[in-house]
Amino acid sequence: MSILCDITQFKVATSNIILYTIFMWKNEYKDCLEYIDSYWNRITYKPSSLRLRYRINNLPYQLPYAERLPMIGKKEIKNKDINPRSIKLPHYYFVPNDNKFTYIYYWDSFFIFKGLMGTKREWLMPEMIENFIYLFKTFNIIPNFSAPASIGRTQAPFFSSMIMDTYLKNLNTTNPYRHLTGIKRKWHEVSMKNWLKRTMAVAKEEYELVWIDKENTYNHHVNNYILSRYGDRDIGYAHSSELESGWDLTSRFYNRCDQFLPIDLNSYLYKYETDFALAEEILGNREEAEKWRKKAKERKKAMQIMWDDDEGFFYDYGYGFEKISHYFSLASFTPLWAGIATAEQAKRTLKHLPKFETPYGLTIGAETSLAKPIDLSKIQRRYHPAIEEIIKPKQWDYPNIWSPLEYLTVIGLLRYGYTTEAKRIMTSSVQTHARLFRKYKTFFEKINGKTGEPSIGYAYAMQEGFGWTNAVFFRYIQILDTMNNGQEIYKESSSKEPPYDLAILS
């Protein structure tokens with residue numbers, strides 16, 4: 001009897017060990033994840049009750065065959081948009097935080113999607129897509145944020161990526177539609193393909209009208225170049241271009257953002273082209289898919305102007321100066337995220353990783369790229385403030401750590417097989433943000449890579465409870481647990497030349 005009891009106890013203990021191993025990261029940071037989960041109720045809003053110009057009512061889950069699972073989550077949402085300066089939206093939406101950033105922001109939303117994938121709130125993803133379609137159909141642009149003040153400019157483009165994430169989330173093990181069978185399954189597949197076709201058609205409009213911009217209405221087109229720049233529909237000046245980049249503000253462009261072909265922007269547009277090709281393959285349009293693959297190859301070839309073969313690194317290209325910038329930033333890792341880099345380029349790019357890595361994560365720029373002190377003694381005093389303003393470190397400079405570009409870098413490393421480095425960075429980041437959460441009871445928009453503390457003293461007050469930080473933390477936990485469990489993160493065998501397609505949504 002005692003032997004049986006011992007065996008039973010051993011089995012229970014062993015089972016607990018296995019269970020803990022499987023969910024090691026989720027268990028270790030349960031308090032952080034509970035906070036993140038609860039924070040969604042503070043930043044999720046109901047649709048406007050006003051009669052709007054354009055509304056879509058045929059979301060896939062509203063069709064007769066589908067379970068109305070999202071209704072449970074919708075009942076929890078109490079927030080209403082009472083801001084008189086906002087653009088009213090027709091569908092449920094989320095914002096970056098519940099303090100300063102209470103509009104929807106374009107590129108923030110892509111990263112915040114990472115905190116939705118694999119959760120009961122995935123239903124918010126198609127809702128957000130429809131809001132972006134509403135904004136584009138209304139203003140011929142997806143604005144920087146949902147307010148009239150920003151409709152002259154857009155932001156770093158991720159619309160096709162958000163659409164593909166929303167479509168491919170059906171492959172998630174947590175997605176209830178994965179268990180549909182028979183006629184319900186077929187109806188769901190047809191519905192999702194129709195949704196993919198409709199939404200990607202809008203993404204193509206945005207790509208052609210706003211970013212390829214042949215008439216140069218948005219100041220994104222540069223004569224004699226396939227590549228695009230950041231700009232502004234109304235003025236196209238350097239400052240507004242920098243705002244559009246999302247890097248507001250940075251020393252990266254030397255106050256001349258409109259004079260550069262940015263490495264990150266063109267990586268994002270390459271991703272658009274490959275997303276369009278993938279969507280056409282899914283829809284069975286092989287000739288159309290080949291057209292988009294050709295466009296992607298043309299951009300990839302054109303982007304080699306940004307590669308410095310002596311240093312083994314990608315840089316922004318100053319078309320106004322006809323040379324690359326040699327400013328070290330995490331933007332130079334976006335060609336790995338997009339799959340543009342060759343295996344050799346990725347290997348050489350990796351050698352520069354120590355310039356950014358700290359015990360707390362990756363800094364947005366390298367310390368070596370900060371402006372050196374200038375002797376102003378021989379310059380008239382009236383010029384001192386302007387010079388000091390130009391050369392002082394900005395909030396998108398070293399030593400600040402920003403989750404979005406760190407995340408893209410991590411995914412880029414994974415795509416080229418550098419799992420050790422990716423895991424080390426994710427571990428450092430998770431441990432740092434968890435320590436700060438346990439100290440301050442919140443997450444922060446950015447942190448100081450030298451001190452591991454919240455970053456203060458820049459363009460606006462330090463922001464707490466921040467959407468993309470929350471989401472990237474959550475996503476790191478998901479990826480780390482997947483890797484810890486020994487689950488395969490790649491779709492292909494390691495014999496294939498990188499970049500690899502990830503089995504996890506990225």
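This is a predicted model: local features need pLDDT of at least 70, side-chain atom pairs count only at pLDDT 80 or more; totals for chains, interfaces and linings use all residues.

Q: What is tryptophan 107 in contact with, leaving aside its neighbours within four places in sequence?

A: Its partners include the aromatic residues Phe158, Trp247, Tyr268, Trp396 and Trp468. Gln155, Ala156, Ser245, Gly246 and Leu405 are also in contact with tryptophan 107.

Q: How is an aromatic pair described?

A: By the distance of the ring centres and the angle of the planes. The structure holds 56 aromatic pairs. One of them, tyrosine 103 with phenylalanine 145, is tilted, at 5.2 Å centre to centre and 50° between the planes. Tyrosine 103 lies in the loop between β2 (93-94) and α5 (106-113), and phenylalanine 145 in the loop between α6 (124-139) and α7 (159-168), so the pair ties together parts that are 42 residues apart in sequence. Tyrosine 103 and phenylalanine 145 are both buried.

Q: Why is the pair of phenylalanine 110 and phenylalanine 158 called stacked?

A: Planes under 30 degrees apart count as stacked. The planes of phenylalanine 110 and phenylalanine 158 are at 10°, with the ring centres 4.3 Å apart, so this pair is stacked. It links distant parts of the chain, with phenylalanine 110 in helix α5 and phenylalanine 158 in the loop between α6 and α7, 48 residues apart. Both phenylalanine 110 and phenylalanine 158 are buried.

Q: Is helix α9 mostly covered or mostly open, and what covers its buried residues?

A: Count the buried residues along the helix. In α9 (residues 238-245), seven of the eight residues are buried, among them Glu242, Leu243 and Glu244. The cover over these buried residues includes α5 and α8. Just after α9, glycine 246 takes a positive phi of about 90°.

Q: Which residues make the nonpolar surface patch?

A: Ile374, Ile379 and Tyr383 make a patch of about 260 Å². Isoleucine 374 sits in the loop between β8 (361-362) and α14 (384-391). With a relative accessible area of 43%, isoleucine 374 is partly exposed.

Notes. Residues are numbered from 1 along each chain as its sequence is written. Side-chain values use heavy atoms; hydrogens and water are left out. Contact means heavy atoms within 4.5 Å. Patches are made of residues with over 30% relative accessible area and no salt bridge: like charges are joined within 9 Å, nonpolar side chains (Val, Leu, Ile, Met, Phe, Trp, Tyr) within 5 Å. Accessible areas come from the Shrake-Rupley method with a 1.4 Å probe; for residues, only the protein chains shown count as cover. A salt bridge is a side-chain nitrogen of Lys or Arg within 4 Å of a carboxyl oxygen of Asp or Glu. Helices (H or I, at least four residues) and strands (E, at least two) are DSSP runs, numbered from the N terminus. Buried means under 20% relative accessible area, exposed over 50%, partly exposed in between (1.4 Å probe, protein chains only). Rings of Phe, Tyr and Trp (its six-membered ring) pair if their centres lie within 6.5 Å; planes under 30 degrees apart count as stacked, over 60 as edge-to-face and the rest as tilted.
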